[in-house]
Amino acid sequence: MENFQEQLKNRRTFAIISHPDAGKTTLTEQLLLHGGVIREAGTVKGRGSNKLASSDWMAIEQQRGISVTSSVLQFDYEGKRINILDTPGHEDFSEDTYRTLMAVDSVVMVIDAAKGIEPQTKKLFEIVSQRGIPVFTFFNKIDRDARPALDLVDELETVLGIQAYPMNWPVGSGQVLQGIYDLRADQLVPFKNATTHSEIVDEAMDEIELLRDAGNPFDEDKIAHGQLTQVFFGSALVNFGVTEFLREYLTYAPAPAAMTTVDDKTINPEDAQFSGFVFKIQANMDPRHRDRIAFVRIVSGEFNRGMDVLLQRNGKKLKLSNVTQFMAEERENVQTAVPGDIIGVYDTGNFQIGDTIYSGKKSIQFPDLPTFTPELFNRVVAKDVMKQKSYHKGIEQLVQEGTIQLYKSWNGGDYIIGAVGQLQFEVFQFRMENEYNVEIQFEPIGSKVARWIKPEQLDEKMSSSRNLLVKDRYDEPVFLFENKFALNWFHDKYPDVELEEKM
Ligand code: GDP
């Protein structure tokens with residue numbers, strides 16, 4: 001058994017961001033093959049899964065066994081232990097995905113080489129780039145006709161604003177794929193059974209020369225801060241370029257990082273004191289046990305099963321005895337874990353998203369996870385008035401889990417729920433029915449621009465049909481503006497009132 005220091009040095013914790021269909025699942029599957037976790041490709045994603053089922057927690061109910069949608073996958077490769085965190089990839093955003101990106105040390109960005117950067121990749125990249133963590137780019141599907149590699153690389157800079165540093169370069173694509181040229185070893189990695197097209201090799205060599213003359217210099221510091229992305233080409237489907245990618249990734253991707261607390265103290269992974277934060281709460285992963293699991297990213301110290309920790313928010317003492325870690329095939333009961341690892345703590349309602357837990361005397365509080373300004377709103381009511389109790393309980397728990405955001409009308413008890421993506425409403429409705437046995441009805445109030453107002457500046461008369469006054473779950477006042485025009489109109493009318501937006 002490696003000692004603690006070595007273990008944490010060898011951890012690599014990352015998420016894959018991509019637009020749906022770019023190949024995230026296929027690449028994950030190849031990585032699991034490399035880790036010896038699965039033996040055959042083609043077992044990862046349930047075929048014909050519907051839109052809702054592809055959201056992580058529901059897919060688990062439907063499909064036991066291996067699933068990349070099981071939130072966290074862990075495997076070993078060449079002396080490194082790799083934790084991949086799932087970021088459910090829908091056209092639609094969920095806040096879950098954003099929050100998961102707060103728990104990783106680096107990100108792999110998978111882009112379809114025939115399509116280039118697509119909208120969801122861009123949105124997720126923007127979240128990641130605010131954290132300044134390393135981003136590795138994998139242009140996938142070069143076994144199909146791809147766009148010119150120079151254009152693809154150029155897009156990284158023009159669309160995402162990140163400098164690119166190609167580690168290898170495609171020589172042809174599709175039918176005439178010759179291989180990838182390893183720019184550092186200065187040699188071609190040939191594609192199996194390729195028939196030689198020398199004009200394509202010449203063309204690629206010209207491009208490579210251009211890159212060497214005019215490309216960005218290699219800069220480890222920029223890589224570490226997410227200002228320069230190492231670029232790889234390959235095909236996840238035919239497992240070409242994946243090994244090369246994984247090797248380099250493991251060389252350059254960072255080990256678990258230190259974190260800063262709200263009072264500006266640095267918590268180093270090597271610190272003896274155990275600490276971590278909850279970035280996700282997931283209910284009912286196993287339909288036979290109506291359990292909730294709080295996902296904790298370990299920041300410092302060693303986790304030992306049965307240890308006592310304090311929940312920073314309320315000082316409550318908790319014993320971490322029922323804790324799982326996530327291997328690809330099953331959830332295992334975990335004995336020890338180190339920084340960079342994700343543990344799943346069975347939760348009976350103690351945890352909230354963003355909570356810090358720690359052992360020992362010195363109090364630790366990590367910053368809140370970002371909350372996102374919802375853009376879509378629905379008034380919600382229970383169809384059956386007799387079910388008020390489960391209705392309130394369901395809403396309370398799902399809000400705690402961060403499934404949706406809750407608001408109330410200012411002068412009444414009406415519930416208004418907000419989300420950043422439509423899918424969140426569907427998930428909410430499904431879960432209210434299936435877990436709390438309450439049918440709910442939405443009265444859409446459409447998309448709104450939400451802005452927080454300081455309580456001392458609030459005058460209820462400011463509210464009108466174009467800016468609905470509500471309170472958030474902490475009873476803070478919020479205006480839901482009909483649109484940007486209504487917001488501008490408000491600014492003109494009340495120039496001294498400051499309105500605040502979340503992330
Ligand atoms: P995800 O939505 O990003 O998880 O994408 P998937 O991994 O499910 O892939 C979407 C589709 O693209 C599937 O039909 C895959 O078989 C296909 N695909 C993935 N990688 C490749 C690749 O490298 N080459 C080709 N030709 N198809 C691929």
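## Chain overview

Of the 503 residues of the chain, 53% count as buried. The model is predicted. Its secondary structure consists of 12 helices and 30 strands. The chain exposes about 22200 Å², and carbon and sulfur atoms supply 46% of that area.

Contacts were also sorted by separation along the sequence. Among those between residues at least 6 apart, 70% join residues at least 24 apart.

A polar side-chain atom of T26 lies 2.5 Å from a ligand oxygen. For K141, an N or O atom in the side chain is 3.1 Å from an oxygen atom of the ligand. Taken alone, the ligand exposes 570 Å², and the protein buries 81% of that.

## Helix α10

Helix α10 spans residues 388–400 and has 13 residues. From its first C-alpha to its last it reaches 18 Å, close to the 18 Å expected at 1.5 Å a residue. The buried residues in α10 are Y391, G394, I395, L398, V399 and Q400. Just after α10, G402 takes a positive phi of about 80°.

## Helix α11 and R431

Helix α11 runs over residues 422–436, with 15 residues. The distance between its first and last C-alpha is 21 Å, close to the 21 Å expected at 1.5 Å a residue. Buried positions in α11 are L423, Q424, F425, V427, F428, R431, M432, E435 and Y436. N437 follows α11 and has a positive phi, near 60°.

R431 belongs to helix α11. Why does R431 count as buried? The relative accessibility of R431 is 3%, and buried means under 20%. Between R431 and P217 there are 214 residues of sequence separation, and their C-alpha atoms are 51 Å apart in space.

## R297 in strand β14

Strand β14, residues 292–300, contains R297. R297 counts as buried because its relative accessibility is 4%. The side chain of R297 reaches the backbone oxygen of A103 at 3.0 Å.

## Q405 in strand β24

Q405 is part of strand β24, which covers residues 405–409. With a relative accessibility of 13%, Q405 counts as buried.

Which side chain makes a polar contact with the side chain of Q405? The partner is the side chain of Y407, at 2.9 Å. Leaving aside residues up to four places away in sequence, Q405 touches E95, F372, P374, I416, I417 and G418.

Definitions and conventions. Residues numbered from 1 in each chain as written. Heavy atoms only, no water. Polar contact = N/O pair within 3.5 Å; in protein donor to acceptor, adjacent residues only side chain to side chain. Areas by Shrake-Rupley, 256 points an atom, 1.4 Å probe, with all protein chains shown as cover. Helix = DSSP H or I, 4+ residues; strand = E, 2+ residues; numbered from the N terminus. Expected span 1.5 Å × (residues − 1). Buried < 20%, exposed > 50% of the residue type's maximum accessible area, 1.4 Å probe, protein only. Contact = heavy atoms within 4.5 Å.
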